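Dear colleague,

Please find the structure below, handed over for your use.

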Amino acid sequence: MIVAIDGPAASGKSTTAQGVAKKLGFLYLDTGAMYRAVTLAVLEAGVKPSDEAGVETVLGEVTLSFELEDLSTQILLNAKDVSGPIRGLEVTRNVSAVSALLVVREKMVAIQRQIGGGQDSVVEGRDIGTVVFPRAEFKFYVTADYETRAARRQWDLKQLGIERSLQVIVEDLKRRDIKDSQREHSPLTKPEDAIEIDTTKLTIQEQINTIVDSVKSESE
Ligand code: CDP
């Protein structure tokens, strides 16, 4: 069974998806972390995200592997754990450009289908319910207003020792939303058959329970 959770950056997707996976005993897959890891590889190779041929070469040379235990998506790039570095500012600023490339999407989607297709999974991203698993049994689209999203992201960054003003964060979020929803391949959009959850005024427990209750009531 697949529970697909899509939505824009810092909307509360990851926390919700992890909590849902824990309650249901499903695998949790963070597809954004995969695009972030590819972006890190591209930047480390000194390749510009706009250089599609260069990105393709990087994709062919690196090894990406995943450890999907303990409700986190640990990403290894050339056998090195990059779960921390992929949250940095440079990766965040370039990830939308790298993930807009077809060559990147095709490779990531194939891996996602292989992992999620084999077991009950909660998969979060931008195109899970539309492209990766269009026949997912459950689809949710998570949103929140910009103020709330920026405050959440500011807190996330603080945990990583990064200080950013709310204004800068809002600008970054807006830039990324525009790129993610206007790109040619698999743009961010609400799947027609998804249930929308606005998390602006919800607690984490409420967000998690909304999804868990709906999955449980329909699977009974
Ligand atoms: O953590 P945050 O909400 O900031 O974003 P993320 O889920 O880590 O995703 C980072 C970026 O990867 C997004 O802004 C998209 O450009 C890209 N992405 C994508 O294209 N398709 C996905 N299924 C997931 C992420």
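Three strands make up an open sheet, ordered S3-S4-S5, with antiparallel pairing. S3 and strand S5 (80-81) lie at the edges with a single partner strand each, so one side of each has no neighbour in the sheet. Strands here are DSSP runs (E, at least two residues), numbered from the N terminus, and two strands pair if DSSP finds at least two bridges between them. S4 and S5 are joined by two bridges, and Leu 76 is opposite Asp 81 in S5.

The model is predicted: local features need pLDDT of at least 70 and side-chain atom pairs count only at pLDDT 80 or more, while totals for chains, interfaces and linings use all residues. Residues are numbered from 1 along each chain as its sequence is written, and side-chain values use heavy atoms, with hydrogens and water left out.

Strand S6 (residues 121-125) pairs in the parallel sense with strand S1 (residues 2-6) over five bridges, and Ile 5 has Glu 124 as its bridge partner in S6. S6 also pairs in the parallel sense with strand S2 (residues 27-30), over four bridges; there Tyr 28 stands opposite Val 122.

Asp 70 lies in the loop between strand S3 (64-67) and strand S4 (74-77). Asp 70 is exposed (over 50%), with a relative accessible area of 73%.

Yours sincerely

Methods. Buried means under 20% relative accessible area, exposed over 50%, partly exposed in between (1.4 Å probe, protein chains only).
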